[in-house]
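Below is a short report on one protein chain.

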Amino acid sequence: MNTNSHSHSTHEAAEDIRNRDIRIYVNGDIVHRDEAKVSVYDSGFMLGDGMWEGMRLYNGKWAFFDEHMDRFFNSCKAVSLDVGMTKDEILDALNRTAEANGMTTDVHCRLMCTRGVKDKPFQHPGLSRSGPTIVMILEHSKPVESLQTKGIRLATVPQVRGLPTSQDPKFNSHSKLNCIIACLQAEAAGAEEALMLDPHGFVNTTNACNFFIVRRGEIWTSTGDYCMNGVTRAKVIALCQAEGIPVFQKNFSLYEAYGADEAFLTGSFGAQTPVASIDGKPIGTGDRPMTRRIRELYAELVRENTGGA
Ligand SMILES: Cc1ncc(COP(=O)(O)O)c(C=O)c1O
């Protein structure tokens, strides 16, 4: 359990001692976590040169697997990273790893693919000659309850989301330094996660999740430029459209975010996490009927997608 009652992060899971003995997939082998190792010459370790996906297993099925694979293969293609496995082969490896761990539900996976081991400790991608490194870490994982009751405290930070011409923020790349710097700045400001602006000063996203506000019965989120093309984000937008809840992808500023009735974050791990405050200003009254409704709709969608009861 979380023993720190003052602070938590959006990715805080209840402690589960079974995770001390999990088995991890490393390039075709499924080994105890103590034996799961990659080379110091690995492109991911050395340069952050790799892509990853965070996915969840419920009732023996990976939620929104096709959507995650679309994003993953698209990202890898964009940086000429040859995964060396098909989507079906990845699914098979994920399922074998889950089976080796006796896992069926409430599991979080970090699937990682790097350009692999380099011949020399230098940047050039051509120095990675022995094929990709593929790792799948599966953990027993349930978000802590306090995320729902207390919500997350955000702080706006100087670090902005970049233009696609530097490092496209749509890449779920191993290098997350831009987001990490933002998170450090938010923590220094006494918050738990960073609310990041785009290069024009509009509210964009947080360092690890997508960001939504609820205003006068409407749902607003950024245009989608500069933020991760989150699978959960897309599902929330589609759910709103299907349910007739007005939803807008648009530019808005902190003025509108501070004055929102509710705000919430989305991500595969926490689904929808309420925002308690931004820059010390409480959001709404703390009553969150729309966030609750969307959370219920999303939970139902996950159940449908994973064949649960
Ligand atoms: C910066 C950032 N935003 C948002 C998300 C949420 O994406 P998803 O809903 O696909 O989990 C992630 C997760 O990878 C992320 O790293």
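Ser 277 has Pro 282 as its bridge partner in β15. This is a predicted model. The two strands involved, β14 and β15 (residues 281-282), pair in the antiparallel sense over two bridges. They form a hairpin with two residues between the strands, and there Asp 279 takes a positive phi near 55°.

β14 covers residues 271-278. Six of its eight residues are buried, so the strand is mostly covered, where buried means 20 or more other C-beta atoms within 10 Å. The table lists its pairings.

| Partner of β14 | Sense | Bridges | Example pair |
|---|---|---|---|
| β7 (residues 152-156) | parallel | three | Ile 152 and Val 275 |
| β13 (262-267) | antiparallel | four | Thr 266 and Gln 272 |
| β15 (residues 281-282) | antiparallel | two | Ser 277 and Pro 282 |

β13 and β14 also form a hairpin, with three residues between them.

**The ligand shell**

Along with α7 (231-243), β13 supplies at least two residues of the shell around the ligand. α7 gives the most, with three residues. In total, 15 residues surround the ligand. The closest are Met 228, Gly 230, Val 231, Thr 232 and Ser 268. By class, the shell divides into five nonpolar, nine polar and one charged.

**Asn 178**

Asn 178 sits in helix α6 (residues 177-188). Leaving aside residues up to four places away in sequence, Asn 178 touches Gln 159 and Gly 162. Glu 256 is 78 residues from Asn 178 in sequence, and their C-alpha atoms are 25 Å apart in space.

Domain 1 puts 20 residues into the contact, and domain 2 puts in eleven. On the domain 1 side, β3 (50-58), α2 (65-78) and β5 (107-114) each give two or more residues. β3 gives the most, with eight residues. The domain 1 side divides into seven nonpolar, eight polar and five charged residues.

**The open sheet**

β3 and β5 also belong to an open sheet of six strands. The order is β2-β1-β6-β5-β3-β4, with antiparallel pairing. β2 (29-32) and β4 (61-62) stand at the edges. Each has a single partner strand, so one side of each is left without a neighbour in the sheet. Between β3 and β5, eight bridges form an antiparallel pairing. One of the paired residues is Leu 57, whose partner in β5 is Val 107.

**The chain as a whole**

How many helices and strands does the chain have? The secondary structure comes to nine helices and 15 strands. The radius of gyration is 19 Å, close to the 19 Å that the globule rule gives for 309 residues, so the chain is as compact as a globular protein of that length. Along the principal axes, the C-alpha atoms fill a box of roughly 55 × 45 × 40 Å. Of the 309 residues, 40% count as buried. Among contacts with a separation of 6 or more, 71% come from residues 24 or more positions apart.

Technical notes. Residues are numbered from 1 along each chain as its sequence is written. This is a predicted model: local features need pLDDT of at least 70, side-chain atom pairs count only at pLDDT 80 or more; totals for chains, interfaces and linings use all residues. Two residues are in contact if their C-beta atoms, placed from the backbone, lie within 7 Å. Ala, Val, Leu, Ile, Met, Phe, Trp, Tyr, Cys and Pro count as nonpolar, Asp, Glu, Lys and Arg as charged, and the others, Gly among them, as polar. A residue is near a molecule or strand if its C-beta atom, placed from the backbone, lies within 6 Å of it. The radius of gyration is taken over C-alpha atoms; the globule rule is 2.2 Å times the number of residues to the power 0.38. A residue is buried if 20 or more other C-beta atoms lie within 10 Å of its own, exposed if 12 or fewer, and partly exposed in between; C-beta atoms are placed from the backbone. Two strands pair if DSSP finds at least two bridges between them.
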